[in-house]
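The following explanation leads the reader through a protein and the molecule that it holds. Please keep the structure in view while reading.

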Amino acid sequence: MRVALFGSGWIADFHARGVAEHPRGELVAAANWRPESLAAFAERHAIPRTTTDWRELAADPSIDAVVIATPNALHAPQAVACLRAGKHVLVEKPMARTLAECEQMLAAAEESGARLMVAHCWRFHTDVRRLRERVAGGELGEIVKTRGYGVHAGWGPSGWFTDPELAGGGALLDMGVHAIDTARFLLGDPSPQTVCARIGTRFGDYAVDDDGLLLIGWSNGTASTVESGWWHPHKGGLEAETELFGTGGYARIWDFTEEPEGYEHCAQPMYSAQIAEFIDAVGEGRQPRPSGDDGAVVMDVVERAYRSAGLR
Ligand SMILES: NC(=O)c1ccc[n+]([C@@H]2O[C@H](COP(=O)([O-])OP(=O)(O)OC[C@H]3O[C@@H](n4cnc5c(N)ncnc54)[C@H](O)[C@@H]3O)[C@@H](O)[C@H]2O)c1
């Protein structure tokens, strides 16, 4: 699979290494608006072709697939253009800024038959997958509730992440989406029935949210609380965690509250497994998961949460 990468920032390096590691992946081109970071990125990963105009790559029939690792505002326009041109797309989370943008992306995939996958990376963490198997095997009985969060304690991002136009939202779109998708994955991908939330800007000086508390009622009867945040004074464990309370017992993904020496929470194997699912599924002619539909479910929860909090 001849892959192009859009964006040359922090997460793009993980994707580039993932493609390079895959026996059928070939990183053929990269696009970014800033030529300096693009040139450095291309050198780090030996990418032969670069451009500051992503549309040039979207229109190039020699490219099979695109990984989109740009600010959230670009996810929908870039994905729609690539999908319409028949390219398979792996787009970073959040899938887009709004559910309406997600629907445009789903329609473009449907029309061309190209595959759309959303990078909800925690599904590829071995500890998360192990817990999902325990839940599916019935070890915890019926899951009554889950408690999860995606929170940065003592820090938060800056730059485009806090620009409402480019990001589409704050900590809920940045961190909360991970916790929503992880809870849903652990439960076997039920549908959200009810969502209520309190969301605000409490810790920093910007026009996006940095504190959210959601209560989601799922189609299987489970209730999930999800917290999102930046600059929180405390997080109670690693930066992403989900606890499960079942009629047969309790479990959490990571049963330690401090990162042990040398432990990497967001490490390359998770991102490489994610790229492998993308390349393998496309090669085998099946829909990669998490799909565009899975990404849109998360965005549906996000939008309902913002509405419930009076923010949309
Ligand atoms: N799954 C994960 O673990 C994870 C982690 C980090 C980021 N992400 C997601 O990946 C995407 C990129 O995040 P990142 O941390 O790599 O960000 P980043 O700021 O490090 O990189 C963003 C890239 O987009 C470019 N860019 C910035 N502003 C732009 C603009 N206005 N127009 C065009 N290009 C612009 C930058 O030059 C850079 O190459 C986001 O959607 C983010 O939510 C996912």
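By class, how many nonpolar, polar and charged residues does the shell around the ligand have? In this predicted model, the shell has twelve nonpolar, eight polar and two charged residues.

In total, 22 residues surround the ligand, and the closest are Ser8, Trp10, Asn72, Lys93 and Tyr271. For Lys93, the distance from a polar backbone atom to an oxygen atom of the ligand is 2.8 Å. For Ile11, the corresponding distance is 3.0 Å, and for Gly9 it is 3.2 Å. Taken alone, the ligand would expose 840 Å², of which the protein buries 84%.

The space that the ligand takes is the largest pocket. Two elements, helix 1 (10-21) and helix 4 (72-84), each give two or more residues to the shell around the ligand. Of these, helix 4 gives the most, with three residues.

Is His152 buried or exposed? His152 counts as buried because its relative accessibility is 5%, and buried means under 20%. The side chain of His152 is joined to the side chain of Glu239 by a polar contact of 3.4 Å.

Definitions and conventions
Residues are numbered from 1 along each chain as its sequence is written. This is a predicted model: local features need pLDDT of at least 70, side-chain atom pairs count only at pLDDT 80 or more; totals for chains, interfaces and linings use all residues. Side-chain values use heavy atoms; hydrogens and water are left out. A residue is near a molecule or strand if one of its heavy atoms lies within 4 Å of it. A polar contact is a pair of N or O atoms within 3.5 Å; within protein, one must be able to donate a hydrogen and the other to accept it, and residues adjacent in sequence count only if both atoms are side-chain atoms. Accessible areas come from the Shrake-Rupley method with a 1.4 Å probe; for residues, only the protein chains shown count as cover. On a 1 Å grid over the protein atoms alone, a cavity is a set of points where a 1.4 Å probe fits but cannot get out, and a pocket is an open set with protein on both sides within 12 Å along at least five of seven lines; lining residues have an atom within 4 Å of a point. A molecule sits in a cavity or pocket if more than half of its atoms lie within 2 Å of its grid points. Helices (H or I, at least four residues) and strands (E, at least two) are DSSP runs, numbered from the N terminus. Ala, Val, Leu, Ile, Met, Phe, Trp, Tyr, Cys and Pro count as nonpolar, Asp, Glu, Lys and Arg as charged, and the others, Gly among them, as polar. Buried means under 20% relative accessible area, exposed over 50%, partly exposed in between (1.4 Å probe, protein chains only).
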